[in-house]
Amino acid sequence: MSNEQYYILREKGTERAFTGKYWNNKKEGEYNCAACGQKLFTSNTKFDSGTGWPCFYDVVDDKYVDFMEDNRYDMKRTEIICSNCNSHLGHIFNDGPNPTGLRYCINSASLDFIDNNKR
């Protein structure tokens, strides 16, 4: 685990917008938790939110993520946590596209990408 991954996954940090390795990834595949490997998202639900972070409108299965209220920095947000290892992934917002209307805004450092073309 890199220093950046530790900061994000364990200390609930955030990478700067437009700096993560997956924010603009257009390849087909799956996104797994960088800490434990649990499958979280697929490229089928990824969309360009314009925020500079990888964003998805749905998770592979609701049982793979947990949510926690996050009031740090005088903001009211909902944190997304890996249900298997309790790693910080990012935050969820209600401004995403159909069909869910959700935006799972995830740190690239929280993810490992498995390219469908390299399996």
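Guide: Let us begin with one pair: in this predicted model, the side chains of Lys-12 and Glu-79 meet in a salt bridge, at 2.9 Å from N to O. As a general idea, side chains of opposite charge can pair when their charged atoms come close.

Visitor: Is Glu-79 buried or exposed, and what is the relative accessible area of Lys-12?

Guide: Glu-79 has a relative accessible area of 2%, which is under the 20% cut-off, and therefore counts as buried. Lys-12, with a relative accessible area of 28%, is partly exposed.

Visitor: How many salt bridges does the structure hold?

Guide: The structure holds 3 salt bridges. Besides the pair already described, Arg-103 forms a salt bridge with Asp-95, and their closest N and O atoms are 2.8 Å apart. Here Arg-103 counts as buried, at 10% relative accessibility, whereas Asp-95 counts as partly exposed, at 49%. There is also a salt bridge in which the side chains of Lys-39 and Glu-30 meet, at 3.4 Å from N to O. In that pair Lys-39 is partly exposed, with a relative accessibility of 33%, and Glu-30 is buried, with a relative accessibility of 14%.

Visitor: Now to the strands: in what order do the strands of the open sheet stand?

Guide: In general, strands of a sheet pair through backbone hydrogen bonds, either parallel or antiparallel. In this model, 3 strands form an open sheet in the order 2-1-9, and the pairing is antiparallel.

Visitor: Why is one side of strand 2 and of strand 9 left without a neighbour in the sheet?

Guide: Strand 2 (39-42) and strand 9 (111-115) stand at the edges and each has a single partner strand, so one side of each is left without a neighbour in the sheet. As for the geometry, neighbouring strands of this sheet are turned by 30 degrees against each other on average, with direction ignored.

Visitor: Over how many bridges do strand 1 and strand 2 pair, and which residue stands opposite Lys-39?

Guide: Strand 1 (residues 29-33) pairs with strand 2 in the antiparallel sense over 3 bridges. The residue opposite Lys-39 of strand 2 is Asn-32, and the side chain of Lys-39 meets that of Glu-30 in the salt bridge described above.

Note on methods. Residues are numbered from 1 along each chain as its sequence is written. This is a predicted model: local features need pLDDT of at least 70, side-chain atom pairs count only at pLDDT 80 or more; totals for chains, interfaces and linings use all residues. Side-chain values use heavy atoms; hydrogens and water are left out. Two strands pair if DSSP finds at least two bridges between them. Helices (H or I, at least four residues) and strands (E, at least two) are DSSP runs, numbered from the N terminus. Axes are lines fitted to C-alpha atoms, for helices over the stretch in contact, and angles run from 0 to 180 degrees between N-to-C directions. A salt bridge is a side-chain nitrogen of Lys or Arg within 4 Å of a carboxyl oxygen of Asp or Glu. Buried means under 20% relative accessible area, exposed over 50%, partly exposed in between (1.4 Å probe, protein chains only).
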